[in-house]
Amino acid sequence: MGDVAAAAGVSQQTVSRVVNNSNAVRKKTVDKVLKAMAEVGYSPNVAARSLRSGRTSAIGVLATDLSRTGELRTVQAIVDATRRSEFAVVLDRLEPTDDLVGAYRHAMKRMAGRVDGFIIEGLELDHPEELDAPPGIPVVMAGPPCSRFSTVGCDQDPGVRAAVNYLVALGHRTVHFVSGPDNSRQAAVRRRAWQECVEANGCEIPDVIKGDWTASSGRNAARYLRAAGATAVLASNDEMAAGVIVGLFDMGVRVPDDMSVVGFDDVLGSVVWPTMTAVRQDFTAIGQRLAEELLAQLQGVPKKSVMVPAPLVVRGSTAPPQH
């Protein structure tokens, strides 16, 4: 800072005022200081400034798998929504681990001095209530409601039920199900809603077909579905649903003439053939609400939880069964 002051011909106090955006410095002097900062290669110490103000003007976003379309779209929406505020986004990606609670706890502790609050993509946290946040730092979590933090999630239970009810109303005797991994909270919610709704419709409950979110696991499921004589299937995400469609096509099974297929997320619905009926998870709306909830808490607004609707979007992959 001394070099900047000497180059600009002003005091270090004046340089400090310029760095902290003080209105007490004339524009001509500000321009001179900024020019001197560029000449000597000076960069303000953001950490020191945050210690003085008590705020960093940044929020931390913690995610686990940015290769997934949903998480990536959610993070993009968070960044877009935050850009309209005074806050910057500090993004960290956690490596998959059996102890996600510990990994999130460690990440928050590491970032605590650099951000004013956290948004956590905690979709796969089995026990989010066990997660301890740094004292005084608000946290908003993506996922189902949690007693400890504000949450913003997809209202997936009604979405799954809408899909099952729709297929039964078309005349299908039951609805098969391709689930996500056993360790996934999201897969568990969708699996439970499917089973309860199939049972409520008085239909036989087929065995759950386990997948791993990938299209290849959907293709594997297609062989089981054909052997089981299925006429309708709900897959726990679009990628597996697309894999089912491809696998059925390879075996000469027509969609939707021979089998109806429904996905979940609606990220592929209009780009596959036939176009896919799917439960829509609005990742953009979820990301926006996550950012809005955290920014509101930073302004002193009490925490709350939000559920974003998940409507069923009907397209070409579903039809009445051909008896």
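Buried means under 20% relative accessible area, exposed over 50%, and partly exposed in between, with a 1.4 Å probe and protein chains only. At 10% relative accessibility, Val 306 therefore counts as buried. The model is predicted: local features need pLDDT of at least 70, side-chain atom pairs count only at pLDDT 80 or more, and totals for chains, interfaces and linings use all residues. Residues are numbered from 1 along each chain as its sequence is written, and side-chain values use heavy atoms, with hydrogens and water left out.

Val 306 is placed in strand S11 (residues 306-308). Helices (H or I, at least four residues) and strands (E, at least two) are DSSP runs, numbered from the N terminus. The C-alpha atoms of Val 306 and Val 152 are separated by 4.7 Å. Along the chain, these two residues are 154 residues apart. Contact means heavy atoms within 4.5 Å. Leaving aside neighbours within four places in sequence, Val 306 is in contact with Thr 151, Val 152, Gly 153, Arg 289 and Glu 293.

Gln 297 is found in helix H11. At 17% relative accessibility, Gln 297 counts as buried. Its contacts, leaving aside neighbours within four places in sequence, are Pro 138, Val 139, Val 140, Ser 150 and Lys 303.

Helix H7 covers residues 156-170, 15 residues in total. The expected span of a helix is 1.5 Å times one less than its number of residues. For H7 this gives 21 Å, and the end C-alpha atoms are 21 Å apart, which agrees. The buried residues of H7 are Gln 156, Gly 159, Val 160, Ala 163, Val 164, Leu 167 and Val 168. An α-helix has 3.6 residues a turn, so residues three or four places apart point the same way. The buried residues of H7 pack against helix H8 (185-200) and several strands, including S5 (150-154), S8 (232-235) and S9 (260-265). Strands S10 (277-280) and S12 (312-313) are also among the packing partners. Just after H7, Gly 171 takes a positive phi of about 115°.

A nonpolar core is a set of buried Ala, Val, Leu, Ile, Met, Phe, Trp, Tyr and Cys residues joined through side-chain atoms within 4.5 Å. The largest such core has 38 residues. Within this core, Val 164, Val 175, Leu 234 and Leu 290 touch the most other members. Helix H11 (residues 283-298) gives the most to this core, with 7 residues. Val 164 touches Val 175, Trp 194, Cys 197, Val 198, Asn 201 and Leu 234, not counting residues up to four places away in sequence. A second, separate core of 21 residues includes Ile 209, Ala 222, Ala 235 and Met 276.

Rings of Phe, Tyr and Trp (its six-membered ring) pair if their centres lie within 6.5 Å; planes under 30 degrees apart count as stacked, over 60 as edge-to-face and the rest as tilted. A search of the whole structure finds 1 aromatic pair. Phe 177 and Trp 194 form this pair, which is stacked at 5.0 Å centre to centre, with 15° between the planes. The pair links distant parts of the chain, 17 residues apart: Phe 177 is in strand S6 (residues 176-179) and Trp 194 in helix H8. Both Phe 177 and Trp 194 are buried. A charge sits over a ring if NZ of Lys or CZ of Arg is within 6 Å of the ring centre and within 35 degrees of the ring normal. Arg 190 lies over the face of Phe 264, at 3.9 Å from the ring centre.

A disulfide is a pair of cysteine sulfur atoms within 2.5 Å. By this rule the count comes to 0 disulfides. The sulfur of Cys 146 is 17 Å from the closest cysteine sulfur, in Cys 154, too far for a bond. Cys 146 is buried, with a relative accessible area of 10%. Cys 197 is in no disulfide; the nearest cysteine sulfur, that of Cys 203, is 8.5 Å away. Cys 197 counts as buried at 4% relative accessibility.

The backbone holds cis peptide bonds. One runs from Val 255 to Pro 256, with omega near 10°. Pro 256 is found in the loop between helix H10 (238-250) and S9. Another joins Trp 273 and Pro 274, with omega about -5°. Pro 274 lies in the loop between S9 and S10.
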